[in-house]
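Trainee: I have a model open and would like to learn how to read it. Can we take it feature by feature?

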Amino acid sequence: MILEMKDICKTFGAVQALKGVSFSVENGQIHGLLGENGAGKTTLMNVLAGTFAPDAGDILIDGTPVEGMTPRKAAELKIRFIHQELNLCNDLTVYQNMFLGEEYTTSYAKVDRKREVERAQQVLDGMNSGIDAKTVVADLDTAQKQMVEIARALLFSSELIIMDEPTTALNNREIEKLFTIMEDLKKEGVSFIYISHKMPEIFRICDRYTVLRDGQFVQSGKIKEIDEHQATELLIGKRFVQAHIKDGIASSIQDTVVLEARNLCGSTFQDVSFSLRKGEILVITGLQGSGTDELATALFGASSLQKGKMFNQDGELAMHDIRNVMKRGIGMIPRNRKERGILPDLSIRNNNSLAFFVAKHHKLFVNAKEETTRFAESRKRLGIKVGSDTDLITSLSGGNQQKVILSRWLENDAQVYLMDNPTQGIDVGAKFSIYTLIVQLASQGKGVVVFTSEYPEIHQLADRCIVLYKGRVAATLDREQLSEVAIMEYSTGTRREVLN
């Protein structure tokens, strides 16, 4: 047994995050750690990694008790934590990030850059990452940054690797590459703790599972002894029915166009045009590299357009001015909340109010009472789990941070919502709640554009779906034309025109 955690307790203010949790991992095992957002998974792993000291409980590594676990001690014990939120320094190179805090040195106590580059490149090439170790991290896309995080964990021959939602930014090919690496390392005796909300991944790669709910241990066992429905029931305490929200709902789409794009061109997309009607949910999808990421930010004015124009009901939009875009009734829920969505040094309440301050606030001073009241309403509407709204946003789980970002724009009462991967890092129960919320927004006459590559999400939400291939519109599909096969064929260039 490489790891035993016994009766771990941890409290943050009034919130008891862990209530006597026990957890163990065997050598050469991939162990899935399951639970909804706020269930205590990441907190338990932060205790193991030495980020938080437990209030009570014991940690044993290879049968030996460990006192006063710290991040450095965890590293010495060959435990590595690949966090859900990327922890890279964008201004440093790949190899500098990989060796940060554990640099190779020469006999003169200087950093041995040549040796670091060679070793880092060896690990990167072993993963078939296609990444140059000398590249500045800021020049990498999100998927490549995730691969660097994984490479950093592999660099020092770790014996226990914790992976918290490692595939969020990876495409199917990259996920299979990651799983191959994990399986090869497992044969060498390396153990993994694998945290994911994606049930197919858990059942594809894990040997055993443990379920947490509300900070408590629920059940553990062999993964082959349960199915996805049973696992979901364990997560949320009741059977979750994967109903299709859009099916059977009368359309509330009106003829009024609330957003129009004409011949948009950017660094990775060309000649994209569409119109969004009042009450419509338009999904835009495509494989990684198809231009969807850049198009999403360009629609909000966060990245530059090389050509093309945007209009709403009041006329042309000044796309170089995000403040103007916001005041014209457009809201944006961005991908990668740590890099794009939250301000980590501000409180939960302040993060919630950011859009309101920009687009709606006209007073000289901020009224703390009004701000508290607005957040209380948002907290109730979205079921945000917080101790105090004055706590830092980073005190929340990833899923609750995402809910605060959604709340930020809902209280601003935008007319158009741009949602870039809005359920990233969200558990299955919360996903359904957010799908319901999106449909409710449309029923209120809001226009919604959702960027996602997950077919179940597309089918849950889309009135229409635009598929991009190599930066161009490959197809625009009505709801009755939607199928996973059709979307994949257009995404890969197999089909190039809509069949009527």
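Predicted model: local features only at pLDDT ≥ 70, side-chain atom pairs only at ≥ 80, totals over all residues.

Trainee: In what order do the six strands of the open sheet run?

Mentor: Strands of a sheet pair through backbone hydrogen bonds, either parallel or antiparallel. Here the order is E6-E7-E8-E3-E9-E10, with mixed pairing. Strands (E, at least two residues) and helices (H or I, at least four) are DSSP runs, numbered from the N terminus. Two strands pair if DSSP finds at least two bridges between them.

Trainee: Which strands stand at the edges?

Mentor: Strand E6 (79–82) and strand E10 (216–222) do. Each has a single partner strand, so one side of each is left without a neighbour in the sheet. The twist averages 15 degrees from one strand to the next. Such angles run from 0 to 180 degrees between N-to-C directions, and axes are lines fitted to C-alpha atoms, for helices over the stretch in contact.

Trainee: How many bridges join E7 to E8?

Mentor: Five, between E7 (residues 160–164) and E8 (residues 191–195), which run parallel. Asp164 has Ile195 of E8 as its bridge partner. Helix H5 packs on this sheet and touches E6 and E7. The direction of H5 makes about 175 degrees with that of E6.

Trainee: How do H5 and H6 pack?

Mentor: Two packed helices are described by the angle between their axes and the distance between the axes. For H5 (residues 142–155) and H6 (residues 172–187), the angle is about 5 degrees and the axes are 12 Å apart. The two are therefore roughly parallel (angles under 35 degrees; over 145 is roughly antiparallel, 65 to 115 roughly perpendicular, the rest oblique). Contact means heavy atoms within 4.5 Å. H5 contributes Ala143, Met147, Ile150 and Leu154, and H6 contributes Glu174, Lys177, Leu178, Ile181 and Leu185.

Trainee: What is the order of the four-strand sheet?

Mentor: E12-E11-E14-E15, open and antiparallel. Strand E12 (272–277) and strand E15 (315–316) are its edges, each pairing on one side only. Two bridges join E14 (residues 307–312) to E15.

Trainee: Which residue of the E19 and E20 hairpin takes a positive phi?

Mentor: Lys470, near 50 degrees. The hairpin has two residues between the strands. Six bridges join E19 (residues 464–469) to E20 (residues 472–478). Val467 is partnered by Ala475.

Trainee: Which residues lie nearest the centre of the second largest pocket?

Mentor: Rolling a probe the size of a water molecule over the atoms shows where empty space is left. Here, Thr43, Thr394, Ser395, Leu396 and Ser397 lie nearest the centre, among 41 lining residues. On a 1 Å grid over the protein atoms alone, a pocket is an open set of points where a 1.4 Å probe fits, with protein on both sides within 12 Å along at least five of seven lines; lining residues have an atom within 4 Å of a point.

Note on methods: Residues numbered from 1 in each chain as written. Heavy atoms only, no water.
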